[in-house]
Amino acid sequence: MKNIIKSYADFDIHRKIGALIKKHSENSQDIRDVVNSAINWPHIHTILDLGCGYGWFEERLEGKFDYIMGIDCHPSNEQAFLSITMPLARTSVFVTRYLPSPIDVPADFFDLVASAYSLYFFPEVLPVVKRVLKPEGIFLVITHSEAMLEEGEMFFQFDNLRKVIQNFSAENGVEILSTYFTDITIIDYYNNIIFNKEEKEDLEQYIDFKKEFIAKDVDHEVVKTTMLCELDRRGILRFNKNDRIFLASK
Ligand SMILES: C[S@@+](CC[C@H](N)C(=O)[O-])C[C@H]1O[C@@H](n2cnc3c(N)ncnc32)[C@H](O)[C@@H]1O
């Protein structure tokens, strides 16, 4: 797990891969726009982002907030996170910390707690989220579907990766959240990542980025060779990238 997490230390690469995923996405709507239209923003003044990375979620926010706190285990994300959030908030703070851990704010502090593509790394943080979320606040989670592994699993076994995703997935998220939260709403975001024959380099970069994710299961060079052959053979490759958005309150 440590090596998977380490792969998020370089925010330039993370940003580049985000752009690559967008370029190859069948769904042209940005998932953050789906999230943003589901939240009652005038009620949101204080935001906590768990596993915030470089500030991908905040990058798409508009308006002015009182307080934004991002927590991530990689200090390398601090500068980018603050440069995105400082214009958005009266106070913005980046905390370098391995979650789960206590969060040093009073109880019932945040209007919105967000965790985008990160809760499966630290699902034990849920009681802490419950403590710091206001009674009328919203807990937002964006996560992957276990189905995203299906294409790859036609060729390889991704047992370790499956275990990580199953810590909190589209499929089991409601069950996990319902121990601590109520009023759970789900919004499905359907997508495929598509590579055509002329886009081999992009496919290589995509698999390179997944290197640490799959390292425990299979050598990414083997995955690359296999998938490039498949792309040659089929002329097009399509990977399931269905995500699920959860909105919950306590
Ligand atoms: C897939 S990235 C998502 C980043 C950002 N939320 C986004 O959507 O672009 C997962 C993030 O969680 C962070 N992370 C993973 N495990 C963590 C932990 N135990 N404590 C704090 N941050 C962690 C990583 O450093 C990384 O920035």
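**Entry 1: the core.** I started with a definition: a nonpolar core is a set of buried Ala, Val, Leu, Ile, Met, Phe, Trp, Tyr and Cys residues joined through C-beta atoms within 7 Å. A residue is buried if 20 or more other C-beta atoms lie within 10 Å of its own, exposed if 12 or fewer, and partly exposed in between, with C-beta atoms placed from the backbone. I then looked up the largest such core, and it has 58 residues; Leu50, Val113, Ala114 and Phe139 touch the most other members. Strand S5 gives the largest share of this core, six residues.

**Entry 2: ground rules.** I noted that this is a predicted model, where local features need pLDDT of at least 70, side-chain atom pairs count only at pLDDT 80 or more, and totals for chains, interfaces and linings use all residues. Residues are numbered from 1 along each chain as its sequence is written. Helices (H or I, at least four residues) and strands (E, at least two) are DSSP runs, numbered from the N terminus.

**Entry 3: the sheet.** In which order do the seven strands of the open sheet lie? I read the order as S3-S2-S1-S4-S5-S9-S6, with mixed pairing; two strands pair if DSSP finds at least two bridges between them. S3 and S6 are the edge strands, each pairing on one side only. From one strand to the next, the twist averages 15°; axes here are lines fitted to C-alpha atoms, for helices over the stretch in contact, and angles run from 0 to 180 degrees between N-to-C directions.

**Entry 4: the parallel side.** I followed S1 (residues 46–50) to S2, and the two pair in the parallel sense over five bridges. Here leucine 48 stands opposite methionine 69 of S2. S2 also runs parallel to S3 (residues 89–96), joined by seven bridges. Isoleucine 68 has serine 92 in S3 as its bridge partner. Between S2 and S3 the chain passes through helix H4 (residues 78–85), in a right-handed β-α-β crossover. Right-handed means that, with the strands pointing away from the viewer, the path from the first strand over the helix to the second runs clockwise.

**Entry 5: the antiparallel side.** I moved on to S5 (residues 133–144), which pairs with S9 (residues 243–249) in the antiparallel sense over six bridges. Phenylalanine 139 has alanine 248 in S9 as its bridge partner. I checked its contacts as well (C-beta atoms, placed from the backbone, within 7 Å). Leaving aside neighbours within four places in sequence, phenylalanine 139 touches Val113, Val129, Leu133, Phe181, Ala248 and Ser249. S6 (residues 182–189) is joined to S9 by six bridges, again antiparallel.

Entry 6: How many of the eight residues of S2 are buried? I found six, so S2 (residues 65–72) is mostly covered. For S6, I found that the count of buried residues among its eight is zero.

**Entry 7: around leucine 237.** I found leucine 237 in strand S8 (residues 236–240). Is leucine 237 buried or exposed? Leucine 237 is buried, because 21 other C-beta atoms lie within 10 Å. Not counting residues up to four places away in sequence, leucine 237 touches Phe195, Leu203, Met227, Glu230 and Leu231.

**Entry 8: helix H10.** I checked the length of H10 (residues 220–234): at 1.5 Å a residue, its 15 residues should span 21 Å, and its end C-alpha atoms are 20 Å apart, which agrees. The expected span is 1.5 Å times one less than the number of residues. Glycine 235 follows H10, with a positive phi near 85°.

**Entry 9: alanine 38.** Last, I looked up alanine 38 in helix H3 (residues 31–38). Alanine 38 counts as partly exposed because it has 13 C-beta neighbours inside 10 Å. Leaving aside neighbours within four places in sequence, alanine 38 is in contact with Ile187 and Leu247.

How values were computed: Contact = placed C-beta atoms within 7 Å.
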